[in-house]
Amino acid sequence: MALRTVDGRIRLTSKPVGSLDSLRSKRPAATASDVTVKSTSKPLTGPTAKGKALDIEATFSLKDADRFGLKVRTGAGGEETVIGYDTTTQELYVDRTRSGAGDFNSTFPGVQTAPLKPKNGKVKLRILVDWSSVEIFGGNGEAVITDQIFPDPSSTGVEVFAEGGTATLDQMRTWQLKSIWR
């Protein structure tokens with residue numbers, strides 16, 4: 001955590017601890033570049049483009065989409081945790097309304113947001129996915145959202161999406177994460 005000046009204001013920023021990198025697989029398990037999506041959702045294919053514990057770095061270019069981003073822990077009966085950017089409100093968001101078990105409390109399913117301005121027409125995300133949580137760092141840690149999720153163990157997919165127009169996933173690298181207990 002650090003205090004930084006962002007848009008002329010002092011803000012508390014955050015980034016993952018450096019030791020997290022030691023849990024990454026040696027090479028990215030999946031990469032993507034120049035993926036254009038228009039008002040749709042595309043699964044990222046290949047056996048290594050999915051998982052229960054992932055470290056994802058993604059950079060998107062703003063085009064004319066209203067919203068865009070990634071869906072993680074997708075699968076079983078339409079489960080998904082949506083990690084996106086809303087261009088109209090300039091907010092990072094996590095939508096866990098279909099993230100799996102959530103019927104234990106009526107306030108659990110919901111959407112959390114944090115302000116995030118694009119830099120040079122781009123939005124940079126670092127996403128940590130675990131068995132029962134997601135943590136998203138937007139920009140250089142100016143926006144951070146941490147949420148619990150309870151997906152079915154078989155929900156391991158990752159998708160890229162855009163709503164209301166087109167967005168481009170400039171670059172994405174995904175690493176499988178090893179357990180800290182091994």
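**Salt bridges and a pocket in a predicted model**

Let me begin with Arg173, which is partly exposed because its relative accessible area is 33%, where buried means under 20%, exposed over 50% and partly exposed in between, with a 1.4 Å probe and protein chains only. What you see is a predicted model, in which local features need pLDDT of at least 70 and side-chain atom pairs count only at pLDDT 80 or more, while totals for chains, interfaces and linings use all residues. Residues are numbered from 1 along each chain as its sequence is written, and side-chain values use heavy atoms, with hydrogens and water left out.

The side chain of Arg173 meets that of Glu57 in a salt bridge of 2.6 Å, N to O, the term standing for a side-chain nitrogen of Lys or Arg within 4 Å of a carboxyl oxygen of Asp or Glu. Arg173 lies in strand β14 and Glu57 in strand β5, so this pair ties together parts that are 116 residues apart in sequence; strands here are DSSP runs (E, at least two residues), numbered from the N terminus. Glu57 is itself partly exposed, with a relative accessible area of 23%.

How many salt bridges does the structure hold? There are 7, and another of them joins the side chains of Lys122 and Asp170 at 2.7 Å, N to O. That pair links distant parts of the chain, with Lys122 in strand β10 and Asp170 in strand β14, 48 residues apart. Lys122 counts as partly exposed at 35% relative accessibility, whereas Asp170, at 17%, counts as buried. Salt bridges that share partners also join Lys71, Glu80 and Arg98 into one network.

Let us turn to Glu79, which is found in strand β7, residues 79–86. Glu79 is buried yet has no salt bridge, and the nearest side chain of opposite charge, Arg73, is 6.5 Å away, with Lys and Arg counted as positive, Asp and Glu as negative, and His and the chain ends not counted.

Finally, the second largest pocket holds about 340 Å³ of space. A pocket is an open set of points on a 1 Å grid over the protein atoms alone, where a 1.4 Å probe fits, with protein on both sides within 12 Å along at least five of seven lines, and lining residues have an atom within 4 Å of a point; the volume is the space filled by probe spheres set on the points. Of the 19 residues that line this pocket, those closest to its centre are Glu57, Lys124, Leu125, Arg126 and Gly139.

Definitions and conventions:
Helices (H or I, at least four residues) and strands (E, at least two) are DSSP runs, numbered from the N terminus.
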